[in-house]
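Visitor: Please take me through one part of this structure in close detail. I would like to see how it sits in the whole chain.

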Amino acid sequence: MKKKHNAFMEHYLVPGALFLFNICLVHIIYIFATGAMYSLVSKVALTLAFALLASSLMFKKQVLLAASILFYALVVVVV
């Protein structure tokens, strides 16, 4: 049985989520390693965004990928 290939997901959402996953990982390492002056809420939000990005890449659902990308963008803009 052949699967349908979703070009939008394969060419835009997955690479975008991988890119943001790497940036989020470095962001979390920086915050926890240097003891930067971030509130507990922002640390929890970044950790949640990291977990969301990781799970969206694991399950590769289009809605989850888009939601995790938007959530991390929102966290970066607000925090």
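Guide: Start with the whole chain. Buried residues make up 28% of its 79 residues, where buried means under 20% relative accessible area with a 1.4 Å probe, protein chains only. This is a predicted model, in which local features need pLDDT of at least 70, side-chain atom pairs count only at pLDDT 80 or more, and totals for chains, interfaces and linings use all residues. Residues are numbered from 1 along each chain as its sequence is written, and side-chain values use heavy atoms, leaving out hydrogens and water.

The chain has three helices and zero strands. Helices here are DSSP runs of H or I with at least four residues, and strands are E runs of at least two, numbered from the N terminus.

Now the close look: α1 against α3. Helix α1 spans residues 7-34 and helix α3 residues 62-78. They pack at an angle of about 40°, with axes 10 Å apart. Axes are lines fitted to C-alpha atoms over the stretch in contact, and angles run from 0 to 180 degrees between N-to-C directions.

Who meets whom? In α1, the residues include Phe8, Leu13, Val14 and Leu20; in α3, they include Gln62, Leu65 and Tyr72.

Pick out valine 14, in helix α1. Valine 14 is buried, at 15% relative accessible area. Beyond residues up to four places away in sequence, valine 14 touches Met9, Leu57 and Leu65; contact means heavy atoms within 4.5 Å. Valine 14 and glutamine 62 lie 48 residues apart in sequence, yet 8.8 Å apart in space, C-alpha to C-alpha.

Note on methods: Buried < 20%, exposed > 50% of the residue type's maximum accessible area, 1.4 Å probe, protein only.
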